[in-house]
Amino acid sequence: MTLHATEPAAATDAVLDREETISRDELEALQLSRLQHTVAYAYDRVPLYKRKFDEAGVHPTDLRELADLGKFPFTTKEDLRLEYPFGMFAVPQREVARIHASSGTTGRATVVGYTKKDLADWAKLVARSLRASGVRPGMKVHNAYGYGLFTGGMGAHAGAEALGCTVIPISGGQTERQITLIQDFKPDAILATPTYLLTIADAMMKQGINPASTSLKYAVLGAEPWTEEMRHELETTMNIKACDIYGLSEVMGPGVAGEAVETQDGSHIWEDHFRPEIIDAFDPTKVLGDGEHGELVFTSLTKEALPIIRYRTKDLTRLLPGTARPAHRRMGRITGRSDDMIILRGVNLFPSQIEEIALRIPELSPHFQLELTRPEGQRMDQLTVKIERRESVSVEGVASAAKVLQQQIKIHVGSSCTVNVVEPGSLERSNGKLRRIYDMRPKA
C-alpha cells in the first residue's frame with residue numbers, strides 16, 4: 001500500500017528554528033548557561049528547592065559544568081503533591097497566566113503553572129514537534145487530545161495554531177462525531193493517543209468506512225507508550241504516517257520531544273529547553289551513559305512559573321545520538337513506566353511487551369487487557385491475557401494463536417500466563433488514555 005505522506009520533501013521544506021540546527025557544542029554551552037540560571041532561580045524562589053539543596057549540601061554555585069547536575073537532589077511527583085496547590089510556583093500569582101493539573105486519581109493532583117512566556121515557549125516547542133512529524137502551515141489538524149486541566153488538548157492546540165494550522169478542537173470521546181468530522185472537514189493530520197486512534201479506526205470499519213480512504217496523512221500520537229508494531233498497525237490500517245510526541249505535565253506538557261517523519265526513529269528531545277539524564281531506576285545515585293536503559297530524568301532550562309530540577313519521570317527508555325536533528329539526542333521507545341511494571345513471580349513485565357508480541361500474531365488484534373489475580377488458597381499470582389481475535393478470524397482459528405502467544409510470552413518475558421481470546425469489540429475501548437492492567441489481587 002502506498003502511503004499518502006512518503007515524500008521526503010514534506011520533511012525538509014519547512015524553516016527550522018535556529019536551535020534545531022546548531023552544533024552539539026553550541027547546544028551544550030547554551031544548556032550550561034541556562035542550567036546555571038535555572039538552578040539559582042529555583043533556589044532563590046521556590047522554598048522546596050532551597051530546603052532540598054541545603055539538606056543535600058549543594059549550592060547553585062556548585063554547578064560549573066553539565067556533569068555537576070548529578071550532585072543535585074531529584075524532584076518527584078510526591079514533592080509536587082506535598083506542595084499542593086501552588087507551593088512549587090516561582091512567580092507571584094499575578095504572573096501565572098494558566099494553571100493545569102493532573103486528575104488526582106491516585107492522590108492529590110499535581111499542579112503546574114505557566115507565565116505568558118512559558119505558554120509561548122510551549123507553543124513553539126509543540127509547533128516544532130508537529131513540523132518535525134510532517135505537519136505544515138495551512139493544514140487542517142483534528143485535535144482529539146482531551147481539553148481541560150490535562151495538558152494534552154490545549155498544549156497541542158496552541159502548538160498547531162503557532163505553526164499556522166487550522167485547528168479542529170474536537171477533544172477526546174464522542175467517537176461517532178469524530179468520524180463525521182473527519183469525513184466532512186477532511187483534516188490532513190490527527191492528534192490523539194495511539195489507542196484512541198485505533199478506536200476511531202475500528203469504529204470506522206464497523207460503519208463500513210475504509211479507514212485508509214480518509215483525508216488524513218499524518219498522525220502525531222502520544223500520552224501513552226506504544227510500540228513499533230502498533231505504528232505499523234495504524235499506518236497500514238489508516239494509510240498515514242504516524243509519529244510520536246512526548247511530554248508530561250510536570251515538565252511542560254506535550255512537545256518536550258518530537259519524532260521526525262523522515263526517520264521515524266525516536267523522538268528528538270528539544271535540549272535547548274530541557275536537559276535529560278538516564279538513571280538506574282533501582283539505584284538512582286547512578287547516572288547512566290547514552291545508550292543504557294534506565295529511568296528518564298528532566299531538568300527544565302527556560303521555565304519561569306515552575307522550574308523543575310531533576311524530575312524523575314518514571315518512564316523507562318535510553319538516550320541515543322540525534323539523527324534528523326543531530327545536536328538533539330533522541331529517546332528510545334519507552335518500554336514502560338517503573339510504576340506500571342508488573343512483578344509476576346519475580347519477573348518484570350510491561351504491557352508494551354505483550355503488545356509487541358501479540359501484534360506479530362496475525363489472528364490477534366491490538367485490543368488486550370492484563371488481569372492479575374491470586375486464587376484463594378494459593379500463594380502465586382496469576383496473569384490472564386484477554387485479547388480480541390480479529391474480525392476475519394473464525395473462533396476455531398484462534399486456538400493455535402492463543403497457544404503461540406502463551407509460548408512467546410514465556411520465551412520472551414519469562415513468565416507463564418493464561419491466554420483468553422475473546423470476541424471482537426468485547427473489551428473496553430480507549431477514549432483517551434487506555435487502562436491495560438486490572439489488578440484484582442487481594443489487598444494486603
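Modeller: The expected span of a helix is 1.5 Å times one less than its number of residues, and helices here are DSSP runs of H or I with at least four residues, as strands are runs of E with at least two, both numbered from the N terminus. This is a predicted model, in which local features need pLDDT of at least 70 and side-chain atom pairs count only at pLDDT 80 or more, while totals for chains, interfaces and linings use all residues. Residues are numbered from 1 along each chain as its sequence is written, and side-chain values use heavy atoms, with hydrogens and water left out.

Colleague: How do you know that the end C-alpha atoms of helix 12 (residues 399-412) agree with what the helix should span?

Modeller: With 14 residues at 1.5 Å a residue, helix 12 should span 20 Å, and because its end C-alpha atoms are 20 Å apart, the two values agree.

Colleague: Which residues of helix 12 are buried, and what puts them on the same side of the helix?

Modeller: Buried means under 20% relative accessible area, exposed over 50% and partly exposed in between, with a 1.4 Å probe and protein chains only. In helix 12, Ala401, Ala402, Leu405 and Ile409 are buried. They cover an arc of only 100° around the axis, and therefore lie on the same side of helix 12, the arc being that of the directions from the helix axis to the C-beta atoms. The face turned away from that buried side carries the exposed residues Ala399, Lys403 and Ile411, whereas the cover over the buried residues includes helix 11 (351-358) and strand 19 (364-373).

Colleague: Why is helix 6 called roughly perpendicular to helix 7?

Modeller: Helix 6 (residues 116-132) and helix 7 (residues 151-163) pack at an angle of about 75°, with their axes 7 Å apart. Axes are lines fitted to C-alpha atoms, for helices over the stretch in contact, and angles run from 0 to 180 degrees between N-to-C directions. Angles under 35 degrees count as roughly parallel, over 145 as roughly antiparallel, 65 to 115 as roughly perpendicular and the rest as oblique, so helix 6 is roughly perpendicular to helix 7. Contact means heavy atoms within 4.5 Å, and the residues making it include Trp122 and Leu130 of helix 6 and Gly155 and Leu163 of helix 7. The residues of this contact divide into ten nonpolar, three polar and one charged.

Colleague: Why does Gln353 count as partly exposed, whereas Ser171 counts as buried?

Modeller: Gln353, which is found in helix 11, has 23% relative accessibility and therefore counts as partly exposed. Ser171, in the loop between strand 4 (166-168) and helix 8 (175-185), has 18% relative accessibility and so counts as buried.

Colleague: What is said of phi at Ser171 and at Asn239?

Modeller: Most residues other than glycine have a negative phi, and most peptide bonds are trans. Ser171 has a positive phi of about 70° although it is not a glycine, and Asn239, again not a glycine, has a positive phi of about 55°. Asn239 is buried, because its relative accessible area is 8%. A cis peptide bond, with omega about 0°, joins Tyr84 and Pro85.

Note on methods:
Ala, Val, Leu, Ile, Met, Phe, Trp, Tyr, Cys and Pro count as nonpolar, Asp, Glu, Lys and Arg as charged, and the others, Gly among them, as polar.
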